[in-house]
Amino acid sequence: MYKRIYLISLIFLINLIPFLAYSSGSKATEAQDKLQVEFPKIIIANISTRIAISIDDTSRIISENDSLWIQVNNQNIAAIIEGKQVVFHYTFKEKKEFQISFQNKTFTNTINPIPLWLSILPPLIAILMALFFKEVFSALFVGLFSGTLIIYSYQEASIFSAFFKAIFAISDTYVLHSLADTGHISIILFSMLIGAMVNLITKNGGMQGIVNKLSKFAGSPGSGQFVTWLLGVLIFFDDYANTLIVGNTMRPVTDRLKISREKLAYIVDSTAAPVASIAMITTWIGIELSYIQSATVQINIDESPYSIFLNSLPTRFYPFFTLFFILMLVVLKKDFGPMLKAEQKCRHELEPESLENEVVSSELKEIQIDENTPTRWYNAGIPVLIVILGTFAGLIYTGWDAAIWNDTNLAFGKKLSHIIGASDSYLALLWSSLSAVLVALALTIGQRILSLTKAVEALVGGFKSMLTAILILVLAWALADITKDMHTADFISNTLIASNVSPILLPSFTFILSALIAFSTGSSWGTMAILYPLILPASWALCHSSGMNDPESMNIFYITVSAILAGSVLGDHCSPISDTTILSSLASSCNHIEHVRTQLPYALTVGIVSIFAGLLPAAYGVSSWILVPVGFVCLYLIVKYVGSKTE
């Protein structure tokens, strides 16, 4: 009790730091002598800030996109014209008087930028609270409030005003903004449709039929975990589809076999992103190729982004090692750390009925069916296959390019990879999940298993079952927006990049940096978007400045490409505010914080092996054909000698 009071008091004191540093804020738009200047709502120290001057009389201005000079604090700064605005960039370092002179007009105001180091507080507070209190809603809310309080404390002269604006901004700015993103809405709708489908195929006996069929192959905890791992590897084309389908399908099976929800969530989470990040035909391809291309343009490399992607595949050690590590845990029937305790508790202390009482979402506990309900596996199997095959077909349809398909110089695999890489995964997921719901409904009513009223009630119950997870997702997205506005990733990047890194150490350094950013922001794709254009050009320049020739530099370049992606997946696995981590908890009906707590030691173990048995020797030129088996042996020995038997 005293620890909680102490931690809450500490967080309150941390949130007061901006007030102690604050004396007078800057307003978004001020004017003196009719010169109207527009500032961004949030000004961060040591981050380039876009400033726009509104122009009424355009006759004295040269054509758009031409450059001109503006006097800022008695220094000439280049600016360009965009419409009826003159735009330039300026980096504020500390609180100071800011003066602009343009067309015989002036603007003067005191600008008090937010120190960049404060940007780490919102995600850090959210993560610490989530891990300490094991309650994610309040942790995310306090993290959001910390961010908005810092922002408004540097904008408002009154502490009272800043406090209430910070609270209101959580809902009227950041939550609304997270819901305005079409990709986020697509994920919400897809999750709700999957929840509806799962609830319906449970009520119509189809899920029990699948359980009965899988029981032949999953007759023990070991075989049950292997089947879960195998399904996770087979559904390789999208991590969201992988997580929700495998988690929801295997949960009744693993419950019967007394496999803990924590272990199910770990297998689901740790097969989804790793397999999607190394398979050549996935929804990750397009976004990654675009990030690589944005970097190669800066350094004039002739090699295509797809070729770079293929050359980087052998050194993606963390995804390969993670998939093997899970397999070793299953084959050797061993665990360690918090996961071992969770497994032992599930096997020896709880009956399946008691386990059901621990499920986070009460609606998902309603798996009881009428004894007269037929248990036909295809009533669940057909809708699940429609989600899988329908998503794949939707990816082909939305990414179809006749020119690529008719290109005789490309192999079939490359054609397929290019098409899926250019597809719209959100549309494909929505189409396939809606189709599956309609087919499940038709099968249920057509066989007269449930009436139309009861079938619709089952669908609505499935929608409701997703509410808790969706709320967590929305808060996590809002917190990610806070970290973006406050440039948290820039703070982490600048801090680590400031150290003088050897080209040989660069991939390992990049892997750690990528993991830290993904852990803090909860987004692997966001991390890649930040680091690819930042680190790849830097790695090329660093290698050449160290005297490396082009082949040696390209080797480091390929490994760095892999390190960014692999590190972002590691950070995503460890972060309690990651959407894929949350979805894994949801699909497995596992307490979210318990999932994070039990998965963290495993992810870090594989991450450490990835550095010392993978990235470091690879940078020295050791072949991946040697390093991958060596890494496998290291992981085998860790599981064998560190782990303990669960049975």
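The model is predicted, so local features need pLDDT of at least 70 and side-chain atom pairs count only at pLDDT 80 or more, while totals for chains, interfaces and linings use all residues. Residues are numbered from 1 along each chain as its sequence is written, and side-chain values use heavy atoms, with hydrogens and water left out.

**Overall make-up**

- The protein has 28 helices and 10 strands; helices (H or I, at least four residues) and strands (E, at least two) are DSSP runs, numbered from the N terminus.
- Of its 647 residues, 56% count as buried, where buried means under 20% relative accessible area, exposed means over 50%, and partly exposed lies in between (1.4 Å probe, protein chains only).
- The accessible surface of the protein is about 27,200 Å², and 62% of that belongs to carbon and sulfur atoms. Accessible areas come from the Shrake-Rupley method with a 1.4 Å probe, and for residues only the protein chains shown count as cover.
- Among contacts between residues at least 6 apart in sequence, 77% join residues at least 24 apart; contact means heavy atoms within 4.5 Å.

**Salt bridges**

- Side chains of opposite charge can pair when their charged atoms come close.
- The count comes to 3 salt bridges, each being a side-chain nitrogen of Lys or Arg within 4 Å of a carboxyl oxygen of Asp or Glu.
- Arg-261 pairs with Asp-255, with the closest N and O atoms 2.4 Å apart. Arg-261 is buried because its relative accessible area is 5%, and Asp-255 counts as buried at 7%.
- Asp-335 forms a salt bridge with Lys-263, where the closest N and O atoms are 3.1 Å apart. Asp-335 lies in strand E9 (residues 334-335) and Lys-263 in helix H10 (residues 261-278), so this pair ties together parts that are 72 residues apart in sequence. Asp-335 is buried, at 1% relative accessible area, and Lys-263 also counts as buried, at 1% relative accessibility.
- Arg-597 and Glu-594 meet in a salt bridge at 2.8 Å, N to O. Both residues lie in helix H27, 3 residues apart, which is about one turn of the helix. Arg-597 is partly exposed, with a relative accessible area of 33%, whereas Glu-594 counts as buried at 16%.

**Cysteines**

- A disulfide is a covalent bond between the sulfur atoms of two cysteines.
- A search of the whole structure finds 0 disulfides, taking a disulfide as a pair of cysteine sulfur atoms within 2.5 Å.
- Cys-346 is buried, with a relative accessible area of 4%, and Cys-574 counts as buried at 6% relative accessibility.

- Helix H19 (residues 425-446) has 22 residues and spans 31 Å from its first C-alpha to its last, close to the 32 Å expected at 1.5 Å a residue. The expected span is 1.5 Å times one less than the number of residues.
- Buried residues in H19 include Ser-425, Ala-428, Leu-429, Leu-430, Val-437, Leu-441 and Thr-444.
- Arg-448 follows H19 and has a positive phi, near 55°.
- Ile-445 is found in H19 and is partly exposed, with a relative accessible area of 32%.
- Ile-445, Leu-452, Val-456, Val-460 and Phe-463 form a nonpolar patch on the surface, with about 370 Å² of accessible area together. Patches are made of residues with over 30% relative accessible area and no salt bridge; like charges are joined within 9 Å, and nonpolar side chains (Val, Leu, Ile, Met, Phe, Trp, Tyr) within 5 Å.
- Helix H20 (residues 452-465) gives the most to this patch, with 4 residues.

- Thr-322 sits in helix H13 (residues 317-332) and counts as buried because its relative accessibility is 2%. Leaving aside neighbours within four places in sequence, Thr-322 is in contact with Ser-270, Pro-274 and Val-606.
- Pro-617 is found in helix H27 (residues 592-619) and is buried, with a relative accessible area of 16%. Leaving aside neighbours within four places in sequence, Pro-617 is in contact with Ile-611, Phe-612, Val-622 and Leu-627.
- Pro-617 and Leu-505 are 112 residues apart in sequence and 9.8 Å apart in space, C-alpha to C-alpha.
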